[in-house]
Amino acid sequence: SKKNIGFLIAHADMPLVSKTILNTLCSALKSKNKEIFVPVYKKKLGNPLAFKYSMIKSLKKIKGDKGAKKIIKTNKLKIKLIKVNSKSILIDFDKEKDFI
């Protein structure tokens, strides 16, 4: 059986993220020298985030809602930015008007 090399953290309130973007992040996990993969649209960092399993202990220590951002700030050398052609990685649906 194939060994899992990592995982995505996807936000349930970001339904516009395409299968293409998810597959691109999954493919990026095969990169040998990085451990965190962040999609970027027009120089803005977005979601979902992809992590190699080597990062799981750091992620398990997170408390509250802002944890992954802290991990990104403290692990800059482990990050690979993945350019995407969709602002969907920046759009979340929080209010009723977001759905209209």
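This report walks through the fold, the surface and some individual residues of one protein chain.

**Overall fold**

The model is predicted. Its chain holds 3 helices and 5 strands. Read from the N terminus, the order of elements is β-α-β-β-β-α-α-β. The radius of gyration is 14 Å, close to the 13 Å that the globule rule gives for 100 residues, so the chain is as compact as a globular protein of that length. Along the principal axes, the C-alpha atoms fill a box of roughly 40 × 30 × 30 Å.

Of the 100 residues, 34% are buried.

**Surface and charge**

The chain exposes about 7,600 Å². Carbon and sulfur atoms supply 55% of that area.

**Helix α1**

Helix α1 spans residues 19-28. Which of its residues are buried? Ile-21, Leu-25 and Ala-28 are. Seen down the axis of α1, the buried residues fall within an arc of 60°, so they line one face of the helix. An α-helix has 3.6 residues a turn, so residues three or four places apart point the same way.

What do the buried residues of α1 pack against? Their partners are four strands: β1 (6-9), β2 (36-41), β4 (49-52) and β5. On the other side of α1, Lys-19 and Thr-20 are exposed.

Cys-26 also belongs to helix α1. Its relative accessible area is 35%, so Cys-26 counts as partly exposed. Cys-26 and Leu-8 are 18 residues apart along the chain, and their C-alpha atoms are separated by 7.7 Å.

Ile-71 sits in helix α3. With a relative accessible area of 7%, Ile-71 is buried. Not counting residues up to four places away in sequence, Ile-71 touches Ile-36, Phe-51, Met-55, Ser-58, Leu-59 and Ile-62. One of these, Leu-59, is 12 residues from Ile-71 in sequence. The C-alpha atoms of that pair are 7.6 Å apart.

Asn-75 lies in the loop between α3 (67-74) and β5 (79-83). Leaving aside neighbours within four places in sequence, Asn-75 is in contact with Ile-36 and Met-55. Ile-36 and Met-55 are also among the residues that Ile-71 touches.

Lys-80 is part of strand β5. Lys-80 counts as partly exposed, at 37% relative accessibility. Beyond four places in sequence, Lys-80 touches Ser-31, Lys-34, Ile-36, Phe-37 and Val-38. Lys-80 and Ser-18 are 62 residues apart in sequence and 20 Å apart in space, C-alpha to C-alpha.

| Pair | Separation in sequence | C-alpha distance |
|---|---|---|
| Ile-71 and Leu-59 | 12 residues | 7.6 Å |
| Cys-26 and Leu-8 | 18 residues | 7.7 Å |
| Lys-80 and Ser-18 | 62 residues | 20 Å |

**Backbone points to check**

Most residues other than glycine have a negative phi, and most peptide bonds are trans. Some places in this chain depart from that.

Which residues have a positive phi without being glycine? Lys-42 has a phi of about 50°. Lys-43 has a phi of about 65°. Lys-42 is found in the loop between β2 and β3, and Lys-43 is found in the loop between β2 and β3 as well. Lys-42 is exposed, at 68% relative accessibility. Lys-43 is exposed too, with a relative accessible area of 82%. Both values are over the 50% cut-off.

Where is the cis peptide bond? A cis bond joins Asn-47 and Pro-48, with omega about 5°. Pro-48 lies in the loop between β3 (44-45) and β4.

Conventions:
Residues are numbered from 1 along each chain as its sequence is written. This is a predicted model: local features need pLDDT of at least 70, side-chain atom pairs count only at pLDDT 80 or more; totals for chains, interfaces and linings use all residues. Side-chain values use heavy atoms; hydrogens and water are left out. Helices (H or I, at least four residues) and strands (E, at least two) are DSSP runs, numbered from the N terminus. The radius of gyration is taken over C-alpha atoms; the globule rule is 2.2 Å times the number of residues to the power 0.38. Buried means under 20% relative accessible area, exposed over 50%, partly exposed in between (1.4 Å probe, protein chains only). Accessible areas come from the Shrake-Rupley method with a 1.4 Å probe; for residues, only the protein chains shown count as cover. Contact means heavy atoms within 4.5 Å. The arc is that of the directions from the helix axis to the C-beta atoms.
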